[in-house]
Amino acid sequence: MIEIDGAQGEGGGQVLRTALSLAACRGVPVYIHNIRQGRRNPGLMRQHLACVRAIAAVCGAEVRGASIGSKAVMLIPGKIKAGDYRFVVGSAGSSTLVFQTVLPALLMADKPSRLTLTGGTHNPLAPSFDFIQHTFLPVLRQIGCGFDARLERYGFYPVGAGQWTVTIEPPASFRKLTLETRGQLLDVEAHCISAGIPGHVILREKQQLLRRLNWADDAVSVSQVESLGPGNSVMIKVRYPQITEVLESHGAMGISAERVANHTVDLLHRYQGFAAPVGHYLADQLLLPLCLGAGGSFVTGPLSGHCKTNIDVIRRMLDIDITVEEIEPKRQWRVAI
């Protein structure tokens, strides 16, 4: 059994999710304690409990300590099983983080799987469905994986209740990834979406984007979407030869439409300023698939504390070489696996 201290590094839910994923993939029991010790409300919240239950279902695991507020969980995995799974977060917690918890295991299965996920789809501090569809999954296709993802209903904080499906086709054999240059900008677009809030909000967001970006009017779209609760998001998508980056901000009470738009533009400028193909969040999310596959290398900007913690947990659970090299001072790092 491997023991993981959930308080290490940034002490958040990623430690739990990575440890669960790798335990299932290796078929090795894991005991995780001090779960989310670095957070204001430590222990398992509803979305973390959904991750535990989801990975247990996928690998037929025995689980101890799976309850709201629990600060320690033991997972004793069985055999990974492809199948048709339905996972419900039961709150506005992120359904995409549940997906990323079970994905590595299902990429090791011998047959395709289909997931139906219900919960938050556009949450602060978690990848949105759009990021998964346009940024994360296309890179995994480059290493041999197959996906078909469809959004059926948006789920915004605090109501959640969004729903989406994804079919996962494991590769016959993994390919090595080399993603070290960004190349020429091919296309840009932005979307301002809302549900259950006044229409002038997304119109103001569009105007602010046009003021800041100096893009053509038809590069920015606005739309009202179906959701069981109110919500608002601004997404900018920039496409390069090997990578599409999605930058996004989400509206909330007390935050003006202009501020939401400005924050998204600031994220775009930060991404473009480092001139690296792999963005701040994608760098963290690529680690597990590459470690379990054929490896490879990518260039990114400054590594987040989240990413550094993830590397530490992976090194603890896998006998694998992960090197991080600064190749342009304070701007670019190469991660090789």
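**Exercise 1.** How do the residues of the lining of the second largest pocket divide into nonpolar, polar and charged?

*Solution.* The model is predicted: local features need pLDDT of at least 70, side-chain atom pairs count only at pLDDT 80 or more, and totals for chains, interfaces and linings use all residues. Residues are numbered from 1 along each chain as its sequence is written, and side-chain values use heavy atoms, with hydrogens and water left out.

Step 1. A pocket is, on a 1 Å grid over the protein atoms alone, an open set of points where a 1.4 Å probe fits, with protein on both sides within 12 Å along at least five of seven lines; lining residues have an atom within 4 Å of a point.

Step 2. Ala, Val, Leu, Ile, Met, Phe, Trp, Tyr, Cys and Pro count as nonpolar, Asp, Glu, Lys and Arg as charged, and the others, Gly among them, as polar.

Step 3. The lining comprises 13 nonpolar, six polar and two charged residues.

Step 4. Of its 21 lining residues, Ile197, Asn232, Gly251, Ala252 and Met253 are the closest to the centre.

**Exercise 2.** Describe the lining of the largest pocket.

*Solution.* Step 1. The lining has 41 residues, with Leu97, Asn123, Pro124, Leu125 and Ala126 nearest the centre.

Step 2. These residues divide into 15 nonpolar, 17 polar and nine charged.

**Exercise 3.** Determine whether Gly155 is buried or exposed, and list its contacts.

*Solution.* Step 1. Gly155 has a relative accessible area of 0% and is therefore buried (buried is under 20%, exposed over 50%, partly exposed in between; 1.4 Å probe, protein chains only).

Step 2. Beyond neighbours within four places in sequence, Gly155 is in contact (heavy atoms within 4.5 Å) with residues including Asn123, Gly160 and Ser227.
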